[in-house]
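Here's a quick briefing to read alongside the model. Have the sequence and the 3D view open as you go.

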Amino acid sequence: AIVSLKNTGNLNNETIGELTGKISEQVTFQKEIADQFTEKDVTLQKNESLPTYKKSYEALKKKYSATTIGQELIYTDQALTEESIDATFKLREIGNLYKSMAEDIIKIETPVVYKYRVLEFANSSYKVGIAVSNMSEIIDNPLVGIIGIAQYQLYGDAVVTDLESLDTLVK
């Protein structure tokens, strides 16, 4: 839209203001992500064994700590400053890892008392996965990339908080 306005000579402060307003509306509207999981999705233990849960939870943390999760801002910076296509592929990969982690934790047999904490972590992880996947579009589809960054700002801290909360419970 900007290029066509520029080519026709209609790019001025008024049209820039209108475009900015429309983009702001889109970002505000599209940054909200619905929960992926509900209470019914959490796999509950039948015999309430904390040691069994702790073992599965620690294995899951170990599996994902050996990945590129947590490096999304590095790759976003590379995509923006170097227009690195490789960085966008890495962002897509990281987004998928967050979503896989959410799907994996929801499948661990969980004591009933941890159900809501697991559900919160799974949903926040999945939302960050969507956000990072959207961030990977920053070169090819800048509006989606910007929405992804806004989503990441909205949900990124929740993943850390929810993980810390689970860690505290499991110790």
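Contact here means heavy atoms within 4.5 Å. Helices (H or I, at least four residues) are DSSP runs, numbered from the N terminus. You're looking at a predicted model, where local features need pLDDT of at least 70, side-chain atom pairs count only at pLDDT 80 or more, and totals for chains, interfaces and linings use all residues. Residues are numbered from 1 along each chain as its sequence is written, and side-chain values use heavy atoms, with hydrogens and water left out.

**Helix α4 against helix α5**

- Helix α4 covers residues 72-82 and helix α5 covers residues 85-107; their axes come within 8 Å and cross at roughly 155°. That makes α4 roughly antiparallel to α5 (angles over 145 degrees count as roughly antiparallel).
- Axes are lines fitted to C-alpha atoms, for helices over the stretch in contact, and angles run from 0 to 180 degrees between N-to-C directions.
- The α4/α5 crossing is left-handed, i.e. the near helix is turned anticlockwise from the far one by less than a right angle.
- On the α4 side you'll find E72, Y75, T76, Q78 and A79, and they meet A87, T88, K90, L91, I94 and Y98 of α5. Sorted by class, the residues of this contact are six nonpolar, three polar and two charged.
- For those classes, Ala, Val, Leu, Ile, Met, Phe, Trp, Tyr, Cys and Pro count as nonpolar, Asp, Glu, Lys and Arg as charged, and the others, Gly among them, as polar.

**Loop residue E83**

- E83 sits in the loop between α4 and α5. E83 counts as exposed, with 59% relative accessibility (exposed means over 50% relative accessible area, buried under 20%, partly exposed in between, using a 1.4 Å probe and protein chains only).
- Skip its neighbours within four places in sequence, and E83 is in contact with Q78 and I139.
- E83 and D140 are 57 residues apart in sequence, yet 9.9 Å apart in space, C-alpha to C-alpha.

**Helix α3 against helix α7**

- α3 packs with helix α7 (residues 142-170) at an angle of about 145°, and their axes are 11 Å apart. This crossing of α3 and α7 is left-handed.
- From α3, Y53, K54, Y57, E58 and K61 make the contact, together with L163, L166, D167 and V170 of α7.

**Loop residue S49**

- S49 lies in the loop between α2 (13-30) and α3 (50-65). S49 is buried, at a relative accessible area of 16%.

Definitions and conventions:
Helices (H or I, at least four residues) and strands (E, at least two) are DSSP runs, numbered from the N terminus. Angles under 35 degrees count as roughly parallel, over 145 as roughly antiparallel, 65 to 115 as roughly perpendicular and the rest as oblique.
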